[in-house]
Amino acid sequence: MPPRLRPSSLPSTSNVIPQSFSSSPLLPFLLPSHHIYTVISSSSSSSRNFSTSKPAYRRARGFEKTPGTRNGFIEWMAKYAPRYNVPNPTNNVPVYMTYQPRALPSKKVERAPGMSRKKAKLDSIDWDTAKEKSTLSPFPGNKSFKAHPVISTEFREQIDLRIKAGRSVRRVSAELNCELERIAAVVRLKAIENKWIEQGRPLCTEMQTRVHAMMPVTHYTTFPQHESITDLRIHPATNNQLFLSVPESMAFNRKDASDAFGILPADVRMPHSELIEVERMKQAGVEVHEMIRIETERENREAEELKEKRERIEKRLKAGKVVETERFRFRLRPATAGAVGHRYGVPAEDRKRGVNKIPTRVL
Amino acid sequence: MARTKIFALKRPYPRQSWNKHAVYNLYRYRQPGTANRTFYQQKFRAKQETRRFHGEYLTERKWNSMFRHTLRGVVSMDPAVMARDDGSSVVSGRGSGTDEPPRRLIGTQEPEDEELSGLRNPRIPFAQMTFAPLERRLDTAVYRALFASSVRQARMMCLHGKVMVNGIKVPHAGYMLNPGDMFSVDPLLVMSAIGEQGRSSFKKLSTQAKVDLQKAIEEGQSKTKSSTYLKASNKKVLAGNADAEVDTDTFTAAGVKPTEEATEGTESTEAASTKATKAETQPEEETSSGKKKFHLPSDWRTYLPKHPRWKIYDEWKPKRFMNLFAFVPRYLEVNHHICHAVYLRHPVARAGSAEVPNPFNHDTMQLAYNWYLRRR
């Protein structure tokens, strides 16, 4: 058989990293996004005079190796996977999936004479911003999902200490810039943690530290900026347009708008609405002592209200006749038959085979 | 029945898993194209792609009943601005605010850079919240809290009754969490689920080692009922002081007889080996007589002399590629010390970011959302 020109001896068309970038720390960004067809086997593809095609049984359909599938995966695991598997990132900078989403900027770039277009475009990329973006977005295709930092273990301690010192959840939340719910949750979790330590149950400290080392973390500082605490939930009633004729001479403020929609105004619905009053006092130039006095008064008033509310609930619960059995505590209240309870004779599906009734709440 | 083969290499789909195949598929994943396709085709393709990622084990009927066309969003308010302004300036004049430049000037101003304007006032990506109802599911929440390495694994944990909600076992993967619900998984299970795989399998152990192990397990189980609890008398180990000295008593659970106990590690291993040679004949008789059936517990490795149970707590290593998925969404508060987490509120979208993690861009999600709007 005469020597044939084999595709392996042709110049490789595979994606090759430019030599100048090979040592760059930005290598992951410069890599092409898809390596399905990357086959680099220059060393093995030597020109031989004899046939190197596979024997017939190898060429059978079952053995055919396509670059995109299994072989491509094995190659990727050998070449690129170590770059992505970083269990101990340096300086706690998380390593997420990165690839350059767009090859080069599509718009025209001004360039100096003698400079290639490609070089100019490469230079025009703001690599710092690109890296910044990719450090916080685990999915490079989705720009709108960003990994938000979690609070560190020390931060949790600080929250717990402040609550134990008798401060209200609302106040700690405003001080440390954490959502109200988060503060409450941290306190609950911390209580369980302390119980475990008391009981002598082991805690997974190693796992906690290693997991936190892999993700963005907000560390405790004097004025931590963890998240926005005044996020106003968009009310579903405001999703629909509402046409309202208003005289031009009349001021139409937030209060009027909420009345038109039939909801509470944003000043009330916003979490930490008390901060608006504080800001108002600041802008009016009220002295600090006075502001502190007013705030303390408000806090005391709120605490009293909460206490009263709890007492009322307790009183209501105790109002009916209580019958205690081994298993249940029945609270009996007077009721009229027919007005309450289920109608008899309505079949319930939940006892059927294959139909399970998932609880809607667990208390 | 949900399909079992989910990591195909020929046609890559992104899946919610840390599996190496899933990572490879995610790496080379391309968003579905829309060129030369009808609107129906675009929507159908987008729906296919997104559903393969979000709850692929759920039937379409189940998901359709969970879908809601209302999407949650929040707006960040500035108290200083609200104190200064009662909001009337926004609608003053003809109803669109006084700050707007006159119409005739709009064309003359230089058009703003697209990226810059996007950074300055980013839109709320509502379409990304299409699959937000699935985030309420217990199995998804367990995966998001980094207690499992895939949603399927999290689902299995739920169904096996390993997940507690507010201290009560909830064996329903489809339980919809309410704001304020606290869920938890056994730490040993979590550490094995998101940790490095153990090296040796039970089958590879020698016969003698198996016998020793069986004895150790039986002994350990008779002493302590639960595998998680350690005796209060053993000053051990705990959190915060991983370097604390380990009492020799704890090794009793690890297969070394108390009489042969030794403080140093080398001696203890020697003792174990001598014991192994001595008691060669006796345990075989016991097993052959077959008094009761022996069940290998899932945490049998912790009973090996070389892998005492405290070691798992102190020498845990993350699973491969865990760093690519190491993030906790804002609607959860997780404590890995005790493997408890709290579902704070429902996920929301805010200007520039949404809280539902997925690899799809806004266009794809918008198409998928439109698909599910169809019959509503």
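**Asking how we know**

Chain A of this predicted model is divided into domain 1 (7-136), domain 2 (151-218), domain 3 (232-270) and domain 4 (276-333). Taken over C-alpha atoms, the centres of domain 3 of chain A and domain 4 of chain A are separated by 29 Å.

Me: How do you know that the span of helix α7 of chain A agrees with what it should be?
Reply: Take its 12 residues, 153-164, at 1.5 Å a residue.

Me: What makes Thr153(A) count as buried or exposed?
Reply: The cut-off for buried is 20 or more other C-beta atoms within 10 Å of a residue's own. Thr153(A) is buried, and so are Phe155(A), Arg156(A) and Ile159(A) in α7(A), so each of them meets that cut-off.

Me: Why do we say that the buried residues of α7(A) line one face?
Reply: Look down the axis: the buried residues fall within an arc of 160°, so one face of the helix holds them.

Me: Why do β5 and β6 of chain B count as paired strands?
Reply: At least two bridges are needed. Strands β5(B) (residues 332-335) and β6(B) (residues 340-343) have four, in the antiparallel sense, so they pass. One bridge joins Asn335(B) to His340(B). The two strands form a hairpin with four residues between them, and Cys339(B) in the turn has a positive phi of about 55°.

Me: Which way do the residues of β5(B) point?
Reply: Leu332(B) and Val334(B) go one way, Glu333(B) and Asn335(B) the other, and all are buried.

Me: How do you know that strands of chains A and B pair too?
Reply: Same test: at least two bridges. Strand β3 (residues 231-233) of chain A and strand β1 (residues 74-76) of chain B have three, so they pair, in the antiparallel sense. Leu232(A) stands opposite Val75(B) there.

Me: How many residues does the contact take from each chain?
Reply: It takes 88 from chain B and 77 from chain A. By class, chain B's side has 49 nonpolar, 23 polar and 16 charged residues.

Terms used:
Residues are numbered from 1 along each chain as its sequence is written. Chains are lettered from A and ligands numbered from 1 in the order in which they are written. This is a predicted model: local features need pLDDT of at least 70, side-chain atom pairs count only at pLDDT 80 or more; totals for chains, interfaces and linings use all residues. Two residues are in contact if their C-beta atoms, placed from the backbone, lie within 7 Å. Ala, Val, Leu, Ile, Met, Phe, Trp, Tyr, Cys and Pro count as nonpolar, Asp, Glu, Lys and Arg as charged, and the others, Gly among them, as polar. The expected span of a helix is 1.5 Å times one less than its number of residues. A residue is buried if 20 or more other C-beta atoms lie within 10 Å of its own, exposed if 12 or fewer, and partly exposed in between; C-beta atoms are placed from the backbone. The arc is that of the directions from the helix axis to the C-beta atoms. Domain bounds come from an automatic or database domain assignment.
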